[in-house]
Amino acid sequence: MTCEEIREELVAYCDGELPEEDRTQITAHLSTCSACSREVAQLARINTLFITQVERVTPSPEFTATFWQRLEQEKRPAPVQEGRLVRWWREWRESMSGWQLAPALAGAASILIFFGYIVSDRGSETTKPTTGTQSQPGQTRPILTPVPPGQSTDVPALVQEKLELFVNYRVIADLEKLSRFDEIAAVQLPEDPPMSIAESDIPKDVLDNPGFFANYPVLQKMEELKNLETVLDAPPDGDEKHRG
Amino acid sequence: MEQKEQIAPHEDPDVQLMLRFQRGSQEAFQQLFQKYTPSVVNFAFHFLGNRARAEEITQEVFLQVYRWQQRYEPKAKFSTWLFKIAHNHCLNEVRKGEYRVTVESISPKEDSDGDERERELPDTHHDKGEDVLAAKQASARITKILRRLPETQRTALTLSRLEGLSYQEVAEVLGVTEKAVKSLVFRATQSLKDGLKDIVDAYDL
């Protein structure tokens, strides 16, 4: 190795980062070359100067306290996320002071009444009276049975007019529930156990595992949704009757 | 010159502390926090050149250590893992581009005149007061040199010299090869040598 090559290795040599073989070779060279030895001494001085004189900072007195405070905040469980509609309503309500709220609510009510009138009026003109499709008392209605217009139901009047819309309405409602699955599982289910499900309807595996039980209604809906394509492709019997 | 020793991760007492913390010991986390806070603050300070931001970043680093306690795997020395997190935070901070990286000095402001170097020349007949002044001036000079170094050279130099990391550990932190680190440290040392030549030569008399 020439002096020039040796000098390129001297920083790593001083840092103790060279393989044994290179180290031995350089040590032997240094014992005979005063210029390279001088270079090693200079590097050592630069190193010492850097370590002793480089600017250092000490954390401010409040540093530790602030950190533990931040950590405590982090450990607190995050509040349950509210739905978009609920959040919108809350933010809107909070943005209104009491005296602003009354006329705003009155205005909203007037608009709703006005549109309600138009929709109901239009419905009476376009729908034809039908017979023979009303469900019998005591009989449970299957999910895809069309609902005759005017019959009391939780489905909006416009949806009642079209069976396809009605089917989609139920599916969309279920999808909405599924998209909020975490929220439902975290908040609603423990407070509102699925009491409406008869024990005989629940598979034994589920009964044996109470954890399954809480999710059972949702799993059931998912099972229904798996068959969605079959359901939608099937000829809408009710609609045929409706038209007939 | 002694060869640097490489220790296996499981032999690192700080890895053991981290594993204790993983098993639920808050006291182990406190020990790691106390031990490494000064190092991480200084690392971030040399990287960002701003003390307040360095403290902020250090807090974020330790919050991340807390959050990642379950994901931690002892694949390297604890300090290597910690500085890797710190380096990533510093890089993100710089990339945000919200502020220019400048080294804010906490020492008395030095004159920025061109004749600064002349006045900093050490006098062979100096007294004790002059020694202190020379040290302060050397410190300011080093800060300036450090500020002008490319980020990777500066990081390699500070981790290797100030934190005692081996080239292999620095390579892990920076995500480069060991050979690259050797070159980075060499070039950074050359810059220091050039910038401090007069001081070093004076002591060489």
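Which residues touch the most other members of the largest nonpolar core? The points below take this up after an outline of the two chains.

1. The model is predicted.

2. On burial, 9% of the 244 residues of chain A count as buried. In chain B, which has 205 residues, buried residues make up 34%.

3. Contacts can also be sorted by how far apart the partners are in sequence. Taking contacts in chain A between residues at least 6 apart in sequence, 53% join residues at least 24 apart. For chain B, with contacts between residues at least 6 apart in sequence, the figure for those at least 24 apart is 67%.

4. To return to the opening question, the largest nonpolar core holds 56 residues, and V40(B), A44(B), L82(B), A86(B), A156(B) and V170(B) touch the most other members. Helix α2 of chain B, residues 26–48, gives the largest share of this core, 10 residues. In soluble globular proteins, nonpolar side chains tend to be buried together.

5. Leaving out residues up to four places away in sequence, A44(B) touches A54(B), I57(B), T58(B), A86(B) and C90(B). One of these, A86(B), is also among the core residues that touch the most other members.

6. Is E11(B) buried or exposed? E11(B) lies in the segment before α1 (13–22) of chain B. With 10 other C-beta atoms within 10 Å, E11(B) is exposed, because a residue with 12 or fewer counts as such. The C-alpha atoms of E11(B) and K77(B) are separated by 8.7 Å, although the two residues are 66 residues apart along the chain.

7. Within chain B, helix α7 (residues 151–162) packs with helix α9 (residues 178–195) at an angle of about 90°, and their axes are 8 Å apart. α7(B) and α9(B) are therefore roughly perpendicular to each other. From α7(B), the contact uses T152(B), Q153(B), R154(B), A156(B), L157(B) and S160(B), and from α9(B) it uses V181(B), L184(B), V185(B), R187(B) and A188(B). By class, the residues of this contact of α7(B) with α9(B) are six nonpolar, three polar and two charged.

8. Between the chains, 30 residues of chain A are in contact with 40 residues of chain B. On the side of chain A that touches chain B, the elements giving two or more residues are α1 (3–14), α3 (34–53) and α4 (63–75) of chain A. The largest share of that side comes from α3(A), with nine residues. The residues of the side of chain A that touches chain B are 15 nonpolar, seven polar and eight charged.

9. One helix pair spans the two chains: α4(A) packs with helix α3 (residues 51–67) of chain B at an angle of about 40°, their axes 10 Å apart. That angle makes α4(A) oblique to α3(B). The crossing of α4(A) past α3(B) is right-handed. α4(A) contributes F63(A), T66(A), F67(A), R70(A), L71(A) and E74(A) to the contact, while α3(B) contributes E55(B), Q59(B), F62(B), L63(B) and Y66(B). The contact of α4(A) with α3(B) has six nonpolar, two polar and three charged residues.

How values were computed:
Residues numbered from 1 in each chain as written. Chains lettered and ligands numbered in written order. Predicted model: local features only at pLDDT ≥ 70, side-chain atom pairs only at ≥ 80, totals over all residues. Contact = placed C-beta atoms within 7 Å. Helix = DSSP H or I, 4+ residues; strand = E, 2+ residues; numbered from the N terminus. Nonpolar A, V, L, I, M, F, W, Y, C, P; charged D, E, K, R; others polar. Buried ≥ 20, exposed ≤ 12 C-beta atoms within 10 Å, placed from the backbone. Core = buried A, V, L, I, M, F, W, Y, C linked by C-beta atoms within 7 Å. Axes fitted to C-alpha atoms, helices over the stretch in contact; angles between N-to-C directions. Parallel < 35°, antiparallel > 145°, perpendicular 65-115°, else oblique. Left-handed = near helix turned anticlockwise from the far one by under 90°.
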